[in-house]
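Please look at the sequence and the structure before reading on.

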Amino acid sequence: MSERIAAVVREKPRRSFGFGAVLAAFGLAVVLLVSGMSGSSNAASTSRHARPRAATSAPQQQAINSKVNALLGQLTVAEKFGQLEMAGPSTANGSDLAALAAAGKIGTVLDLTGVDNINAVQKAAVSSAMNHHIPLIFGLDVIHGYRTMFPVPLGEAASWDPTQVANDESVSADEAAADGIKWTFNPMVDISRDPRWGRVVEGAGEDPFLGSAIAAAKVKGYQGNDFSAPDKVAATIKHFGGYGAPVAGREYNTVDMSTQQLFNDYLPPYKAAVDAGAATVMSSFNSLNGVPNTANPYLLTQILRDEWGFGGATLSDYQAVQELEEFGYAADGADAARLALTAGENIEMAVSMTSTNPVYDTYATYGPTLLHEGKITMTELNDAVRHVLTLKYLAGMFSDPYQGSDARVASEELTPANQAVALQTAEESLVLLNNNNHALPLSSSTSKIAVVGPLGDDALDQLGPDVPIGYDTTPADLKTTDKIVTVSDGIKTADPGATVTTVSGCTTFTVADPCNETSGFGAAVAAAQAADVTVIVVGEPAGDSGEASSRTALDLPGAQEELISDIKATGKPYVIVLMNGRPLTIPELGGDPTTHADGAPAMLEAWYPGTTGGTAVANALFGKFDPSGKLPMSFPQNVGQIPMSYDELPTGRPYDPNNKYTSRYLDVSNAPEYPFGYGLSYTSFSVSNVSAPSSVSRNGTIHVTATVTNTGSAAGTDVAQLYIHESDTTILQPVEKLEGFKRVSLPAGQSTTVRFTLGPQNLGFYNNNGQFAVEPGTFDLWVGDSSTADTGTPTMFTVG
Ligand code: BGC
């Protein structure tokens with residue numbers, strides 16, 4: 001994280017290595033696709049050929065089109081290429097950008113924050129006749145908050161509550177827009193089944209259905225129905241596509257996958273987000289089946305534009321056009337520009353406009369010659385520029401180029417209301433992994449509590465790796481100005497009568513030295529011995545996840561497991577809180593993968609819970625609410641099981657622990673330590689009376705009902721999950737796949753009926769030609785509260 005924050009003042013580029021269909025996708029009334037939002041379940045993806053409906057009225061579209069055309073007619077070729085360049089600041093206040101803006105050499109800006117900085121550069125752009133007074137639009141990675149920090153995206157997804165996640169993004173949009181940021185490079189909607197890849201922290205986990213619901217909700221939250229509104233921003237879905245499946249989990253690495261897997265597992269969240277009206281799409285750094293995605297016409301043109309009808313702007317990732325040379329795909333910089341532009345890449349995230357070796361602004365540098373030589377056409381150039389200008393019109397930049405103000409910053413950022421939203425999401429994101437013999441909740445009259453471990457009182461790391469550029473990380477300001485509540489702080493508030501002793505035990509907690517040194521453990525043990533209960537807060541330093549943070553070992557880094565053993569050896573009660581950006585391999589703490597009875601007494605997965613995270617964790621520990629989060633990604637027992645997902649395809653030799661010649665390992669079972677969809681509650685639930693019609697036509701819809709009962713003695717919240725499997729199909733279907741979910745809150749002893757609707761979108765699948773079809777066959781259906789639902793007796797129906 002510190003690297004990214006430091007990047008705002010970097011002198012050099014961060015890395016040295018190397019409308020025709022205008023508006024069609026914008027402003028849609030999002031149909032949020034899951035039962036969690038609507039009360040009944042529906043599909044997350046639709047036919048590959050479905051076109052988004054345009055909500056922008058025809059006269060509005062025409063008005064923007066004619067303004068854009070008029071402007072296009074005034075621009076020289078060089079100025080057109082200028083509009084396609086995105087630059088970042090190389091001075092602290094971005095003063096270097098002003099001259100570029102005034103000269104019409106850039107169209108968009110990234111990574112500049114602060115009202116005064118943004119307005120000064122904007123003024124240079126709009127007051128310049130040379131720039132035809134065209135405003136800039138300012139973009140930033142606003143990933144899980146701007147000033148009010150929400151749980152990291154993987155934690156948000158663990159809430160299984162798209163409505164709440166949309167609320168987060170609404171707050172983020174308002175706070176960022178108050179500063180003048182009108183465009184976020186988020187959401188990342190990459191599915192991943194490989195927790196070695198550090199960027200899983202930025203996504204919604206392993207499942208396309210949950211991922212699609214969250215993707216659509218995020219777009220809706222950022223953009224609303226009109227992102228020119230002062231409190232809205234344009235969203236970017238990234239990284240298109242397949243970015244979450246790099247070989248060996250190594251960042252930026254090759255992706256090679258079948259068409260059916262791409263379409264069934266990796267593209268659905270993109271499609272859902274495009275249908276929800278996402279303004280822009282960022283291509284990924286990786287190659288897909290041998291073609292770098294920065295210059296991949298199959299993705300950027302054929303699928304995105306021709307088949308999905310996307311009408312917004314596309315952009316490259318950070319200096320990725322130049323990297324086409326590094327791939328050995330482009331012969332030189334000019335060739336890189338040609339390949340990217342003709343593939344459908346509208347905006348080049350050049351970042352540095354001044355570097356000459358290598359040249360990052362390949363469009364501006366080589367574009368005019370390419371055009372002159374006929375290697376790109378004026379139509380291609382005009383189309384790309386049209387997308388950029390349209391984006392700025394839609395964001396309201398022409399009518400109000402100065403949208404941020406100090407007054408808005410003062411009144412709209414980090415407000416009590418925003419913190420309340422963050423608290424609710426943080427509470428919903430917590431996943432109770434173990435709770436043997438009701439170790440939790442703690443009594444609120446516990447009088448002596450030790451808070452031990454490196455993350456018990458670490459305000460900055462608790463925000464995770466993706467704190468936005470410009471965030472105030474001055475240590476003295478974290479708890480005061482930034483209002484971060486740590487676990488230690490939260491416990492003091494939740495149990496005001498208790499004596500709370502906080503001891504990290506670790507001398508350092510960094511990526512390089514994540515609590516390797518054990519000399520402080522004695523003080524932690526002494527605190528545990530003197531306490532009635534110890535809350536051990538361990539996990540990964542924030543820098544262990546995020547971009548460029550792949551790991552091969554996923555256990556608790558450093559000597560943290562030893563710290564836990566030392567506390568356990570005191571014989572005093574303890575519970576564990578985890579903060580991490582990915583599934584960890586923690587079989588010692590998890591215990592038996594089925595019962596967990598021999599694991600840690602209690603363990604709460606808190607991810608990186610954000611500004612109000614300590615309050616959320618403390619409220620959970622003391623039972624002020626019932627933890628209801630469910631894992632959006634499987635936790636393997638062991639790194640050797642990766643990649644892992646619950647929805648694997650069947651094999652001809654299914655797992656049998658007593659038969660060597662089945663699909664299995666010699667050393668561990670195939671089971672995850674904790675499965676997708678898993679999460680305990682302080683009460684218990686049962687699902688019964690699952691009912692579905694016995695048959696449905698291929699284009700028909702069925703309604704499924706089930707009874708959820710709170711069988712325990714306390715009120716609680718569960719997530720009912722519907723899974724299906726079809727057999728006898730032309731290509732194998734997953735052993736089970738999620739096709740509906742619904743959050744249910746119930747008083748002790750009460751039941752309710754949950755309803756799901758399954759249509760062709762849920763029952764069909766893509767074949768290896770990328771074509772979607774519902775095939776006749778027999779379905780098994782389960783409703784439960786984790787992906788282990790498929791161990792129960794299925795309800796069966798046929799599709800004819
Ligand atoms: C990341 C993108 C990000 C961009 C701009 C890249 O390195 O891959 O996700 O939006 O930087 O910060």
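At what angle do helix 3 and helix 16 pack, and how far apart are their axes? Helix 3 (residues 58-74) and helix 16 (residues 378-394) pack at an angle of about 125°, and their axes are 10 Å apart. This is a predicted model, in which local features need pLDDT of at least 70, side-chain atom pairs count only at pLDDT 80 or more, and totals for chains, interfaces and linings use all residues. Residues are numbered from 1 along each chain as its sequence is written, and side-chain values use heavy atoms, with hydrogens and water left out.

**Helix 3 and helix 16**

- The angle makes helix 3 oblique to helix 16 (under 35 degrees counts as roughly parallel, over 145 as roughly antiparallel, 65 to 115 as roughly perpendicular and the rest as oblique).
- Axes are lines fitted to C-alpha atoms, for helices over the stretch in contact, and angles run from 0 to 180 degrees between N-to-C directions.
- Helices (H or I, at least four residues) and strands (E, at least two) are DSSP runs, numbered from the N terminus.
- From helix 3, Ile64, Lys67, Val68, Asn69, Leu71 and Leu72 meet Asn382, Val385, Arg386, Leu389, Thr390, Tyr393 and Leu394 of helix 16 (contact means heavy atoms within 4.5 Å).
- By class, the contact of helix 3 with helix 16 has 8 nonpolar, 3 polar and 2 charged residues (Ala, Val, Leu, Ile, Met, Phe, Trp, Tyr, Cys and Pro count as nonpolar, Asp, Glu, Lys and Arg as charged, and the others, Gly among them, as polar).

**Helix 5 and helix 6**

- Helix 5 (residues 95-102) packs on helix 6 (residues 115-126) at about 15°, with the axes 7 Å apart.
- The two, helix 5 and helix 6, are therefore roughly parallel to each other.
- Helix 5 passes helix 6 in a right-handed crossing.
- Leu97, Ala98, Ala101 and Ala102 of helix 5 meet Val121, Ala124 and Ala125 of helix 6.
- The contact of helix 5 with helix 6 has 7 nonpolar residues, no polar and no charged.

**Helix 14 and helix 15**

- In helix 14 (333-343), 9 of the 11 residues are buried, so this helix is largely enclosed by the rest of the structure (buried means under 20% relative accessible area, exposed over 50%, partly exposed in between, with a 1.4 Å probe and protein chains only).
- Helix 4, helix 12 (297-307), helix 13 (323-327), helix 15 and helix 16 are among the elements covering the buried residues of helix 14.
- Helix 15 (residues 362-372) has Thr362, Tyr363, Gly367, Leu370 and Leu371 as its buried residues.
- Those residues cover an arc of only 105° around the axis, which puts them on the same side of helix 15 (the arc is that of the directions from the helix axis to the C-beta atoms).

- Pro368 is found in helix 15 and counts as partly exposed at 29% relative accessibility.
- Not counting residues up to four places away in sequence, Pro368 touches Val77, Phe81 and Tyr363.
- Pro636 is found in the loop between helix 23 (613-621) and strand 17 (685-691) and is buried, with a relative accessible area of 1%.
- The C-alpha atoms of Pro636 and Pro675 are separated by 8.1 Å, and the two residues are 39 residues apart along the chain.

Conventions: Left-handed = near helix turned anticlockwise from the far one by under 90°.
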